[in-house]
Amino acid sequence: ASCYTSLLLLSTLVLYLTEALDNGVVGPPPLGWSTWKTCGDAGCTHDYCDEEEVKANALAMVNNGMLQLGYDYVLLDDCWASYRDPATNTLVHDEERFPSGMDGLADWLHKEGFKFGIYTSIGNETCSSGGRDITVPGSEGFFEIDAQTFSDWGIDYLKLDFCGNMKTPSYGLPRGKRYHEEFAQALLEAQATRENNGPPIFLEVVAGYWFARSDVGEIANSWRFCEDHHDDFQSTEEALLCLVDQSNEYIDVESSPGAWKYLDLSMVGGEGCSGSPSFTPHCPKQSSANYKLEFLTWTILQSPYIISTDVRNMTDIMTEALLHEEIVGLHQDVTCPPGTLLRHDKLHKQFLFGRTIGSECQEWLVVVANFSEDDREVSVSLKEDFGWDAADEEVVVTVRDVWERVNLGEVKGGDYEVKVEGGGAEMLRFTK
């Protein structure tokens, strides 16, 4: 938290539209799965991963329909690397966990229809040991070598963290922007050695926003703007409060195709069970209503949506949310600008998010999120929130409950009242 607070102090309030990193990444925000909180194996730790687990979850995504819906990224977090070869200075994978190597795993995933991503740190170390009694080296001092190695392995996505010596403010703050720029450039140059300069490598930065600020879209395809997200309802609220902070106090950089604000990994359905003596795929820390709120807010804001729990064992809320074709389709539609925060009621702990949708961006999609413990009646104003002429009583608006896939009827002008359960959310579509 202290590091996060230090980074906040670097920023001031300005609103920008961002340009995307010129690496060929275009289109909608990524959908996929990460190893970070999967932990579906006995005795695993929160960042454990191995080849068997990765392949099994990938095959589950084929069989349960996730891949067909667009969840095509398979991402290793801080759990794959072992040491740096003193002769070549290249990172070496954990050979016990990944007997086929990173290039072999990449080839297998590509044949199954997936894109492959891995992790490194911009500092001298990574943030975790992956459950091992080792210190995993970061990429500091080896940006060009690591970028070329990753490109040669055939990766499609890289998560660039901010760990090790970079967390010491006196060391990390003066180097943060330059290091992110240098790594992004190294990755561009490595990508250029591929045939026809592709396929592109999607670059996620964990701390780059706080250094590049308005220029973050020029060095990354997605950026975090808050602390780590956890399987905790308060953590979800804190992530959304960061949006309020950006609107009121700090630099707010708009998303666009190929350049996306990222709310961090999602644990809908429940994180894995760390240290479980038997196979227990999910140890949820939230209610189904809380997970519904998490999924709806991530999707309306068009954050990259990376699920980080065991998809070999889908709970009811996972199936209902992750495989909701209508909502996933709206999340992936980049015809209109991404969602934004319309209103925040601090007293009653309510958020209203919205975005225009439709072929001509004339419809409105909203999510009403209720973080209070009590059920609430929340008013959506057709005039104040959408800019529609509420005085025209002849204008008929159709309201659809997107989550339930049902039309709720029509309303003429004025406001629309929606009941939202405590700790839950609703997604509504308004069409004139």
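In what order do the six strands of the open sheet stand?

1. The order is S13-S14-S15-S20-S17-S18, and the pairing is antiparallel. Strands S13 (340-345) and S18 (406-412) form the edges; each has a single partner strand, so one side of each lacks a neighbour in the sheet. Direction ignored, neighbouring strands of this sheet are turned by 25° against each other on average. The model is predicted.

2. Within this sheet, strand S15 (residues 363-370) and strand S20 (residues 425-431) run antiparallel and are joined by six bridges. Trp364 stands opposite Phe430 in S20, which gives a place to look when checking the pairing by eye.

3. For the protein as a whole, the secondary structure amounts to 11 helices and 20 strands.

4. On overall dimensions, a compact globule of 432 residues would have a radius of gyration near 22 Å, and the protein, at 22 Å, agrees with that. The C-alpha trace spans about 75 × 45 × 45 Å along its principal axes.

5. On burial and surface, 57% of the 432 residues count as buried. The protein exposes about 17000 Å², of which carbon and sulfur atoms supply 47%.

6. On contacts, take those between residues at least 6 apart in sequence: 72% of them join residues at least 24 apart.

Note on methods
Residues numbered from 1 in each chain as written. Predicted model: local features only at pLDDT ≥ 70, side-chain atom pairs only at ≥ 80, totals over all residues. Heavy atoms only, no water. Pairing = 2+ DSSP bridges. Helix = DSSP H or I, 4+ residues; strand = E, 2+ residues; numbered from the N terminus. Axes fitted to C-alpha atoms, helices over the stretch in contact; angles between N-to-C directions. Rg over C-alpha atoms; globule rule 2.2 N^0.38 Å. Buried < 20%, exposed > 50% of the residue type's maximum accessible area, 1.4 Å probe, protein only. Contact = heavy atoms within 4.5 Å. Areas by Shrake-Rupley, 256 points an atom, 1.4 Å probe, with all protein chains shown as cover.
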